[in-house]
Amino acid sequence: MIRTAIRRATAPGGLYCHSHLLPQWHRHWRLMPSSPLSSNAADPSSPQYNLLTITRDADAAGQLTGVVTLALNSPKNLNAMTVDMGSEFQSAVADLSSDPNVRCLILTGQGKAFSAGGDLAFLRERTKSTGTTNTKIMRDFYNRFLSIRNVPFPTIAAINGHAIGAGACVTLACDIRIMSDSGKIGLNFVRIGLSPGMGGTFFLPRVTNPQVAARMILTGDLLSAKEAQQLGLVLETHSPEAIHGRALELARRIASASPVAVRGAVRSLRVGMDDGLNQALSREADLQAIAYASPDMEEGLAAIVAKRDPVFGSPI
């Protein structure tokens, strides 16, 4: 159930990485301390969701600041991204976009991870569908989560734990990223036999630079928070206990500025960056549809289940 609430206290997140995503690194993952985002007073008029939480920030006097936190809320699955989560996400984003009182949005994850990326069952289903069907399904899947790019106010990704694959891509669609210093981030698509999607090939070269993007996308490597900051992927790193507090501090600073001016600046920043996004998403969906039909995808999924390194064949 979605919780829309007045939030006065900050709450940290921790990290873990979904063990089905990067089997070659599974021996190095470790559980980090975490606690769920807290809320104070439920809003009975708010829409009800199962896979998201929403909190509204208030100052010491109880006045709303205009800062809203939207959290992916499937912690048992490390916030793995599903069609159902995407549908709820798109609906919640549309509701928030129409609220003139929202001045800044923080996107984060409940529990130990920001997001482990695409759900394994969803990936398996794609190997059983036709190319044309998968192209449409993937483009719709992108659109649900990348709807965050269309909100009229600034967005901050508070990366509370590992952000992998499509989960990392969603953070790239936010205007600002800050990260837990014990987290990992990466676009691991090629490590499971899949071409990148969710706008990763579009956003990453623009957020960092083409060479950094090529290194990350072609290797599928996970970066530490420190390296991600050095490469310009994230603005700041903080302890797991401090990450959401810092996001709130930054969001409140933005929210205290002129909302008319800030919304205008957001439009200008994104227009300059987003030229060609739709074409890139269509290309990614086509290429992922091809990958789903390849033996490499079958091998990648088998390796995930067996928790071993995949052995890929020659290009078709």
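## Lining of the largest cavity

Helix H3 (131–145) contributes the largest share of the lining of the largest cavity, 3 residues. Helix H2 (120–126) and helix H10 (277–292) also supply at least two residues each; helices are DSSP runs of H or I with at least four residues, numbered from the N terminus. The model is predicted, with local features requiring pLDDT of at least 70 and side-chain atom pairs pLDDT 80 or more, whereas totals for chains, interfaces and linings use all residues. Residues are numbered from 1 along each chain as its sequence is written, and side-chain values use heavy atoms, without hydrogens and water.

The volume of this largest cavity is about 150 Å³. Its lining comprises 19 residues, of which Gly 118, Leu 123, Ala 166, Phe 189 and Leu 194 are the closest to the centre. By class there are 13 nonpolar, 6 polar and no charged residues (nonpolar: Ala, Val, Leu, Ile, Met, Phe, Trp, Tyr, Cys and Pro; charged: Asp, Glu, Lys and Arg; polar: the others, Gly among them). The structure holds 3 cavities of 30 Å³ or more.

## The largest pocket

The largest pocket has a volume of about 290 Å³. Among its 15 lining residues, Gly 193, Ala 291, Ser 294, Asp 296 and Pro 315 lie closest to the centre. H10 and helix H11 (295–306) are the elements that give two or more residues to this lining, and the largest share, 3 residues, comes from H10. The lining has 9 nonpolar, 5 polar and 1 charged residues.

## Terms

On a 1 Å grid over the protein atoms alone, a cavity is a set of points where a 1.4 Å probe fits but cannot get out. A pocket is an open set with protein on both sides within 12 Å along at least five of seven lines, and lining residues have an atom within 4 Å of a point. Points are joined across faces, edges and corners, and a volume is the space filled by probe spheres set on them.
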